[in-house]
Amino acid sequence: MNDNDVEMEPVVYIVIGRVWEKEEASPDDAITIHALLTAADEDDAVRKTLESLSTQGFAEAELDQIGVMDGEPDDAVYEGAYQDALSGNVAIVTFTA
């Protein structure tokens, strides 16, 4: 078997940031988000995340970190989101105070 016959797992990115529902919102109104998605590279992951946030009605976004998930997460909060990402969707997990 050569390297071409090995099926590669899709890369699932996690993008961490904050969003606001209104343009004039204060920093205290920020909602923390984690986006899980598959993408060709980091630039594609950022673009897809911003498009998804815009589609969901968020007026502003600041993305702080991007990383690659190391397999399926153990945290129940992310289980459904991880599966959605593997299905080709952008899964947005929001954290509100």
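Author: Let's start with a term we'll need: contact here means heavy atoms within 4.5 Å. Keep in mind, too, that this is a predicted model.

With that in hand, take helix H2, residues 76-86, which lies across S1, S2 and S4 and runs at about 40° to S2. Those strands belong to an open sheet of four, in the order S3-S1-S2-S4, with antiparallel pairing. At the edges sit S3 (60-68) and S4 (91-95), each pairing on one side only. From one strand to the next, the twist averages 25°. Helix H1, residues 42-55, packs on the sheet as well, touching S1 (12-20), S2, S3 and S4. The direction of H1 makes about 145° with that of S3.

Now for the pairings themselves. Strands of a sheet pair through backbone hydrogen bonds, either parallel or antiparallel. S1 is joined to S3 by eight bridges, and the two run antiparallel; here Val15 stands opposite Ile66 in S3. S1 also pairs with S2 in the antiparallel sense, over eight bridges, and Gly17 has Ile33 in S2 as its bridge partner. S2 (residues 31-38) then pairs with S4, antiparallel again, over five bridges. In that pairing, His34 has Val93 of S4 as its bridge partner.

How enclosed is S1? Seven of its nine residues are buried, so S1 is largely enclosed by the rest of the structure.

The largest has 12 residues in all, among them Tyr13, Val15, Ile33, Leu53, Phe58 and Ile92. S1, S2 and H1 each supply at least two residues of this core, and S2 gives the most, with four. There is also a second, separate core of 10 residues, which includes Val12, Ile14, Met69 and Val93. In general, nonpolar side chains tend to be buried together in soluble globular proteins.

Not counting residues up to four places away in sequence, Ile92 touches Ile33, His34, Ala35, Ser52, Leu53 and Gln56. Ser52 has its place in helix H1. The cut-off for buried is under 20% relative accessible area, and Ser52 counts as buried because its relative accessibility is 13%. Leaving aside neighbours within four places in sequence, Ser52 is in contact with Val90 and Ile92.

Note on methods
Residues are numbered from 1 along each chain as its sequence is written. This is a predicted model: local features need pLDDT of at least 70, side-chain atom pairs count only at pLDDT 80 or more; totals for chains, interfaces and linings use all residues. Side-chain values use heavy atoms; hydrogens and water are left out. Two strands pair if DSSP finds at least two bridges between them. Axes are lines fitted to C-alpha atoms, for helices over the stretch in contact, and angles run from 0 to 180 degrees between N-to-C directions. A nonpolar core is a set of buried Ala, Val, Leu, Ile, Met, Phe, Trp, Tyr and Cys residues joined through side-chain atoms within 4.5 Å. Buried means under 20% relative accessible area, exposed over 50%, partly exposed in between (1.4 Å probe, protein chains only).
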